[in-house]
Amino acid sequence: MSSTRFNALSISKKLAMMAFIILLTAPAALAAQKIRILKMPSANTQGVRTIQAQLLVDAPTAIVWQAMTDYNDIDDILPGYSRSVILSTTGNTKVLDLAMKPAPLLPSYRYQVRATEHQNLLTFERIKGDLKYLKARYQLAPKNGGQKTLVTYTLSIDPGSNLPGTNNVLRSHTERSIYALAAHVETIAKKSLIGQR
């Protein structure tokens, strides 16, 4: 067996094991929250993978929006992020410098994105950096008279490599990120309710 084939098999086994460990260690509340994967990760002919997920968050839309647009705290809310700095602001658009490591055995990525804020819609688009392609959007829809929020997340990404197991890692990281966001905003919502009493 050639060394190239051996290395590929070794990487494949590591990625499969990593995805399995991530799923096992994800918070138990993940299942209870009923995250729905609307579109499974799949690559187009250009190598861009798209995944779409949805979660009903037990928090008002205003609180969800406030947390999502607090860009300086992204690294404290979402798993894998180690850097989030606002480089510039023009109207409803900000340029962010981000660094993240999606999983233990994968490389770290440093990149810049353009974050644009619309009404209940937040979009991110890669400007430059390690990722070859990235577009993401969070669509918020008030539910239960505005006391809950349906968050629909769509990510299209090409990390610049096509390793075996990438789809599993992408799905696991997406689920963990959405859960982390939900847990964060639900905690804020509960604290605000206590403060009103």
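A salt bridge here is a side-chain nitrogen of Lys or Arg within 4 Å of a carboxyl oxygen of Asp or Glu. Lys-135 and Glu-125 form such a salt bridge, with their closest N and O atoms 4.0 Å apart. The model is predicted, and it holds 5 salt bridges.

- Strand E3 (residues 81–90) runs antiparallel to E4 and is joined to E4 by 8 bridges.
- Within this pairing, Arg-83 has Ala-99 of E4 as its bridge partner.
- The hairpin of E3 and E4 has 2 residues between the strands, and Gly-91 takes a positive phi near 60 degrees there.
- Strand E5 (residues 109–118) is likewise antiparallel to E4, with 8 bridges joining the two.
- On the E5 side, Lys-94 has Ala-115 as its bridge partner.

- Asp-97 forms a salt bridge with Arg-83, and the closest N and O atoms are 2.7 Å apart.
- This pair links distant parts of the chain, with Asp-97 in strand E4 and Arg-83 in strand E3, 14 residues apart.
- Asp-97 counts as buried because its relative accessibility is 6%, under the 20% cut-off.
- Arg-83 has a relative accessible area of 29% and is therefore partly exposed.
- Arg-83 and Asp-97 also belong to a network of salt bridges that includes Arg-110.

- The salt bridge of Lys-135 with Glu-125 has its closest N and O atoms 4.0 Å apart.
- Lys-135 lies in strand E7 (residues 133–143) and Glu-125 in strand E6 (residues 121–129); the two residues are 10 apart and the pair links distant parts of the chain.
- Lys-135 is partly exposed, with a relative accessible area of 39%.
- Glu-125 is also partly exposed, at a relative accessible area of 36%.

- Arg-171 and Glu-175 are joined by a salt bridge between their side chains, at 3.2 Å from N to O.
- Both residues, Arg-171 and Glu-175, lie in helix H5 (residues 166–196), 4 residues apart, which is about one turn of the helix.
- Arg-171 counts as partly exposed, with a relative accessibility of 30%.
- Glu-175 is buried, and its relative accessible area is 10%.

**Largest pocket**

- The volume of the largest pocket is about 160 Å³.
- Its lining is made up of Asp-58, Ala-59, Pro-60, Gln-147, Glu-186, Ala-189, Lys-190, Ser-192 and Leu-193.
- By type, the lining of the largest pocket divides into 4 nonpolar, 2 polar and 3 charged residues.

Methods: Residues numbered from 1 in each chain as written. Predicted model: local features only at pLDDT ≥ 70, side-chain atom pairs only at ≥ 80, totals over all residues. Heavy atoms only, no water. Pairing = 2+ DSSP bridges. Buried < 20%, exposed > 50% of the residue type's maximum accessible area, 1.4 Å probe, protein only. 1 Å grid on protein atoms, 1.4 Å probe; cavity = no way out; pocket = protein on both sides within 12 Å on 5 of 7 lines; lining within 4 Å. Points joined across faces, edges and corners; volume = space filled by probe spheres on them. Nonpolar A, V, L, I, M, F, W, Y, C, P; charged D, E, K, R; others polar.
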